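Below is a short note for a colleague who is meeting this structure for the first time. The points are numbered so that they can be taken up one by one.

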Amino acid sequence: MTRVESPVRLEAALKVTGRAVYEAETPMTGMLHAALVEAPIANGRVLGVDGGPARGLPGFADLVSYAEAEVFKPSGSTALAREPRIHFAGQPVALAVAGTLHEAEACARAVRLDLAAEPAVTAMDQALETAFAPDIVGRYPATTLRGDPGAALAEASLVLRNRYETAVNNHHPMEPHSVVCAWDGDRVVVHTGTQAIFATQRLVAHAFQIPADQVRVVSRFMGGGFGCKGQLWWPWMMWAILASRRTGRPVRLELTRAQLFNLVGRRQETVQDLAIGFDAEGRLTGIDHAVLGQTATHGDYADGTARVSRWLYACPNVATTHRIVRTNEPLPIPMRAPGVAPGLFALESALDEAAGRLGIDPVELRVRNYASKDPETDRPWSSNSLLDCYAAAERFGWSGRPAAGKARDGRWRIGWGMATSVYPVHHQPCRVRVRVEPDAGLLVQCGTQDFGQGAYTAIGQLAAEGLGLPMDNVRVELGDTDLPEGPFTGGSMVTASFTPAVETAMARLRAMVAERVAADGASPLADAAPDDLVFEGGLVRSRSRNAAEGLAEILARLAPDGLETEGASAAPENMAFSANAYGAIFVEVGVDPDLGEIRVRRVCGAFAAGRILNPLLARSQYVGGLIGGIGMALHEQVATDRASGRIVGDTFADYLIPVHADMPEFDVLMLDEDDPHLPGGVKGVGMLGTAGVQAAIANAVFHAVGKRVRRLPIRIEDVIG
Amino acid sequence: MADAGRPALSLTVNGEARRIDAPPTATLLDVLRDTLRLTGVKKGCDMGACGACTVLADGRRIKACLALAASYEGRAITTIEGIGTPEALHPLQAAFVRHDAVQCGYCTPGQILSGLALIGEGVDSVEAIREGLSGNLCRCGAHPNIVAAVAEVAGL
Amino acid sequence: MSGVAFDYLRAGDVAEALTAGAKPGAAYIAGGTDLMPLWKARAAAPALVVDISRLPLDGIGVERDGRLRLGGLARLSDTAAHAAVTRGWPLVAEAINASASGQVRNMGTIGGVLLQRTRCAYFRNDALPCNKRAPGSGCGARAGENRGHAIFGASEACCATHPSDLAVALAALDAEVEVMGPDETRRISVAELHRLPGDAPHIDTELAPGELIAAVEVPPCGGARSTYLKVRDRASFEFAVVSLAAVLRVEGGRIARARLVAGGVAARPWRLEAAEAALVGAAPSDKAFDEAAALAVDGAEPLAHNGFKVDLLRRVVKRALETVGGAA
């Protein structure tokens, strides 16, 4: 095994000292502040927006609404900003701008709305008869059929049919969405924490009908995103940009925490009917996975929740369907392991139940159903180390698993559970620019974003390794559309996308150095062949002879203006392989059946996700993902008032996410996995932790107290007694 | 009170005497983050439920979004900017870097100030650190690394 | 976020505070941990905020008669750490340390925590109906989302619960509050400080406008054992789903005194008198505790989503009695 270094986070010193400037904190002279006017009804039309009462208030500067937004060239992404239709309670209908935030909030409150309310559908169960199949789920078909699952289930020696439900979750990055924007003539700079600076740039350019190069979008530091810092934020951001143009002054809009509950997306609520059938040896013979999910009246959104049933296990007969119901509630958007997390909750809970019924160990049952190739496409896996992940059972102590309901620790009943984790590998195109100065200072530029996952560090590390320089020599610039275009941040695909681009760029830089040094008679490396040169420890060294020269000396002499080049990568086309990252998650819970308290005590996750660039940061990603999954399993649930369609409890005191005191011990095992078929050998680690752990917890709860809970989150009332 | 409408507020911030013009409704968070531009004081929820705005007042940790600024007249406030610099990190800041206790970084200043105060309050176990830091939310899931960093500096 | 503009006055002494506090629209602020979020959510809209945080009402000490006296402005963290408290009234420290977060306990005061208002999400969101916030607007929770709501003492108008942990503990210790008003200083038992909603849920307590809590006095525990048991959905930093303060004194193998007060189940700390009465005179035993636990939930009136609280309270009572009763 090659030893992989783990440099500390490149930007960490800025973050721990409060010097990292997040976009809302961008200083601007003469800044105005903005506040949204929210609709008090869940369905209807805006007949009029009367800004009269606001105009007389201190500091008032501007008011924009759908009428003012008519100047935008229409596009789906700005539709909500341009139409007088109200789709959900709390939907913004106008933006008030004033000298201070308090003044803007007072102005927003003073705006009078003339509304025509219509009856609202505030829950899926009020409109089940309207459910329909969406065109696609994620990027895949909504419905699939392989073999004859009906017949297979009829003939199976064991069939389990159950309903699984998952609640609405919200992403809740610690930093709320914000924009600070300013126009200079027909050019605009937009500081906004976004997972997609280039898509934001194209949207702004399109709406204002100006060339993209007149729009600069900056997102250097982002306080988390998890899927919600993207398109659903755009309509409200666009109002702020419009107000800035109208007033000729910089404008800042920051969402409130309460607004993060309904303006920027949510994890889709699901009701999943899952039937699985096995033969007597515990081999899956049929799966029927039917998913019902909520969407809004202004967009059709569907997670690919049942997708895992299509290819995680070898099963000849599989039917999957997705249907969605339009309600007057906010629109869902991808959130941490979208689709996979709720889908695995159902599938992996069902497998656990089956293991019990079949008398087969849960790990063994999964091993028996291992898919040696992609059962959906029949393609081979690019690599698949799932069986090795299961071997982590030993590390957890799985073979010493106590009998169900028998283990205790004081007031706690102890239960163990496990589940498989999986997340598909995707790529996006990426360009990077690299520049090395004569003093061997290295600058890497890429128009992607770091929302905490560690892109600054991983990019810097690849670049430093590429020239054999220490991390101290590297500066990384991200999050600016003035840089070469990089991937949007999401789907665990950023590292997989930039790695080949950075490595290509660094190979070019090495070639440029090699060419110059070979041609320089004064160098001890004169006439060296390019592939004879090794870059390490700040030196360029010959493999074949005892010759070396400092890289800085070479550059100072032969490249006094520095060297610069670019690297690019594209998403691989027509891959002959299917690619997933895998994991196996083992969990110990304690349940106090008298008090209904559930605590996760221990989590052991073994993950195989191709090449790991920085084990320190990768571990943080896995643990972070697992904690997100614990939240989904035990805590997180958005409640909606059926009468009004309003979110009930739109604060962090109501919407519970795990706190320090909830933390178990984590044991993360990262398996070596060489994947020769993927660019750079990289898969992606961000989502894996959040996929599977929910079922592992539910399975452990069952093991502890014998209660099979098929609805998330699992709460006091589900386990008491 | 200077005048009824906009009293001038005197605070000692990171050791420096400051006079601030602020409306009576201003919170300490408003004053520190917006007026004094100490943007290391983060606004995460503005409702006292996330801890991102944690600062020290006369050495004690408080949530700046719950503090009416006027109530803190004459008090000594310490923000993350007063703890250390990138060139000269406080030992706890250095521990956060080493333990990768930072992901997106937005909860980080609050975690560090809360941890610093907690060490001063006296903690004797990792369990006590977990309980004591529970008023500081983190969404990236850096909790174990944060606790490890605080435990190291607390000598546990 | 911001609410309606207000004027601010820092009271120089108690008399000035009481005069200002009696003005229409005045509200006291001490730690601010409850008033500020309420103001931001527009669930409170004071015209004048009277800052009492620097009044000399923050003493913590034991009186000559052995009673613990906590100043109304004593900070929660100081109280919980005070040697007299941890030695003589551990239940007080236990309840405080189970509350909120370290930061909030550094800000919040004894008087303020007793007067904190309900966590009902309908109350704290002015886009939703709530008779407590806007009398006559209706109760959104009764037919809406009510998992966290009352199972005792609710009315058609309101089913909110009182959220303070400390109030529950103090009620179980037979504590009294010393209330100062413009005209007189009077005493109210903590157990009777909070009102049931009836048809006036907008009035939380027996305090008249302008009155403030000067102190809380707690009688000596007299050899009783106590525990504060708080059940919540996550391990910390959350209000109680159900909590219980139990105080039990056993003399000569018999229970001589019992106080059981539940939190999270009513608009005030809910004294379980029938259960207490059944315990007194009995020998601590599994059977006696089971009987008391069954009596504890007598008369509970659950709503659509909080039925589990009935079973939970019964189990909480049993568990707490096992803790303080020393039974097998």
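1. How much area do chain A and chain B bury between them, and what part of it is on carbon and sulfur atoms? In this predicted model, the two chains bury about 4100 Å² between them, and 57% of that area is on carbon and sulfur atoms. On the side of chain A, the residues that lose the most area to chain B are Val16(A), Met174(A) and His660(A), which together make up 20% of what that side buries.

2. Counted by residues, the interface brings 58 residues of chain A into contact with 49 residues of chain B.

3. The rule for salt bridges finds seven of them across the interface of chain A and chain B. Glu254(A) forms a salt bridge with Arg33(B), and the closest N and O atoms of this pair are 3.9 Å apart, which may be read beside the 4 Å cut-off that the rule applies.

4. Between chain A and chain B there are also 25 residue pairs in polar contact, with both residues at pLDDT 80 or more. Several elements of chain A each supply at least two residues to the side that touches chain B, namely helix H1 (12–16), helix H4 (101–110), strand E14 (251–254), helix H16 (615–634) and strand E31 (665–670). H16(A) gives the most to that side, with eight residues. By residue class, the side of chain A that touches chain B divides into 31 nonpolar, 14 polar and 13 charged residues.

5. Turning to chain C, its domain assignment gives domain 1 (7–51) and domain 2 (225–325). The centres of these two domains of chain C, taken over C-alpha atoms, are separated by 36 Å.

Conventions
Residues numbered from 1 in each chain as written. Chains lettered and ligands numbered in written order. Predicted model: local features only at pLDDT ≥ 70, side-chain atom pairs only at ≥ 80, totals over all residues. Heavy atoms only, no water. Contact = heavy atoms within 4.5 Å. Buried area = accessible area lost by both parts, 1.4 Å probe. Salt bridge = Lys/Arg side-chain N within 4 Å of Asp/Glu carboxyl O. Polar contact = N/O pair within 3.5 Å; in protein donor to acceptor, adjacent residues only side chain to side chain. Helix = DSSP H or I, 4+ residues; strand = E, 2+ residues; numbered from the N terminus. Nonpolar A, V, L, I, M, F, W, Y, C, P; charged D, E, K, R; others polar. Domains from an automatic or database assignment.
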